Amino acid sequence: MAKLTKKQKEAHAKLDRSQSYDLAAASALVKDITNVKFDASVDLAIRLGVDPRKANQMVRGVVTLPHGTGKDVKVLALVTPDKEAEAKEAGADYVGLDEYLQKIKGGWTDVDVIITMPAVMGKLGPLGRILGPRGLMPNPKTGTVTMDVAKAVQDVKAGKIDFKVDKTGIVHASIGKVSFDAVKLQENANELIQTIIKLKPTTAKGVYVKSVFMSSTMSPSIAVEVKTV
């Protein structure tokens, strides 16, 4: 086992692993135990009592964090010429169609979100092997396949994120930056947790939210107490 640095030891000393913290306390503590020199991301790992192998227990959705993610999200709008001006005005970083489809075909995926229109999805099908593993394939369920391209771009830029339970039953999501004040982190975390609670599958039995952990880049994980399960 690797030895802890002095700063890591200090961080661990401030954390009582025998207890769970409420969201307010966890949001303040994660700021206190983060010692990196950059603006670290703050993440939640939410373990759910579901079996992701069963289609009727798949938990997937979108949430708009009240205070955004703190990240500069790069958006590609794959749209027809009549929608290009709308997408650019809404703040999309890249706008076009065929030229970007060719770039993606060549391996270019330097974006965070791709937004497109229903009529364009047919052209994206062959690129699924490139976009799918990177989580970039647009999906009507997450609002990234729509005729209202401007609203979709604005939502993503404002802090809308999509999440999906992984094969181990955990939802991982970033809820902000360590530079956020504790109240903003708390409110973002609560918005995500409450959204996931509302999506509880009717077929899920027993405890739904098994555990929640908050952490920042290279910091210890903090157990979070969630009262509504």
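This is a predicted model: local features need pLDDT of at least 70, side-chain atom pairs count only at pLDDT 80 or more; totals for chains, interfaces and linings use all residues.
Q: Which residues of helix 3 are buried?
A: In helix 3, spanning residues 81–90, the buried ones are Lys83, Ala87 and Ala90.

Q: Why are the buried residues of helix 3 said to line one face of the helix?
A: Viewed down the axis of helix 3, the buried residues fall within an arc of 60°, so they line one face. Pro81, Ala85, Lys88 and Glu89 are exposed on the other side of helix 3, where exposed stands for over 50% relative accessible area.

Q: What covers the buried residues of helix 3?
A: The cover includes strand 3 (75–78), strand 4 (94–96) and helix 7 (149–158).

Q: What makes helix 2 oblique to helix 8?
A: Helix 2 (residues 23–32) and helix 8 (residues 182–198) pack at an angle of about 125°, their axes being 8 Å apart. Roughly perpendicular covers 65 to 115 degrees and roughly antiparallel begins over 145. The angle of about 125° therefore makes helix 2 oblique to helix 8.

Q: Which residues make the contact of helix 2 with helix 8?
A: Helix 2 contributes Leu23, Ala24, Ser27, Ala28, Val30 and Lys31, and helix 8 contributes Ala182, Leu185, Gln186, Ala189, Asn190 and Ile193. By class, eight of the residues in this contact are nonpolar, three polar and one charged.

Q: Is the crossing of helix 2 and helix 8 left-handed or right-handed?
A: The crossing of helix 2 and helix 8 is right-handed.

Technical notes. Residues are numbered from 1 along each chain as its sequence is written. Side-chain values use heavy atoms; hydrogens and water are left out. Buried means under 20% relative accessible area, exposed over 50%, partly exposed in between (1.4 Å probe, protein chains only). Helices (H or I, at least four residues) and strands (E, at least two) are DSSP runs, numbered from the N terminus. The arc is that of the directions from the helix axis to the C-beta atoms. Contact means heavy atoms within 4.5 Å. Axes are lines fitted to C-alpha atoms, for helices over the stretch in contact, and angles run from 0 to 180 degrees between N-to-C directions. Angles under 35 degrees count as roughly parallel, over 145 as roughly antiparallel, 65 to 115 as roughly perpendicular and the rest as oblique. A crossing is left-handed if the near helix is turned anticlockwise from the far one by less than a right angle, and right-handed if clockwise. Ala, Val, Leu, Ile, Met, Phe, Trp, Tyr, Cys and Pro count as nonpolar, Asp, Glu, Lys and Arg as charged, and the others, Gly among them, as polar.
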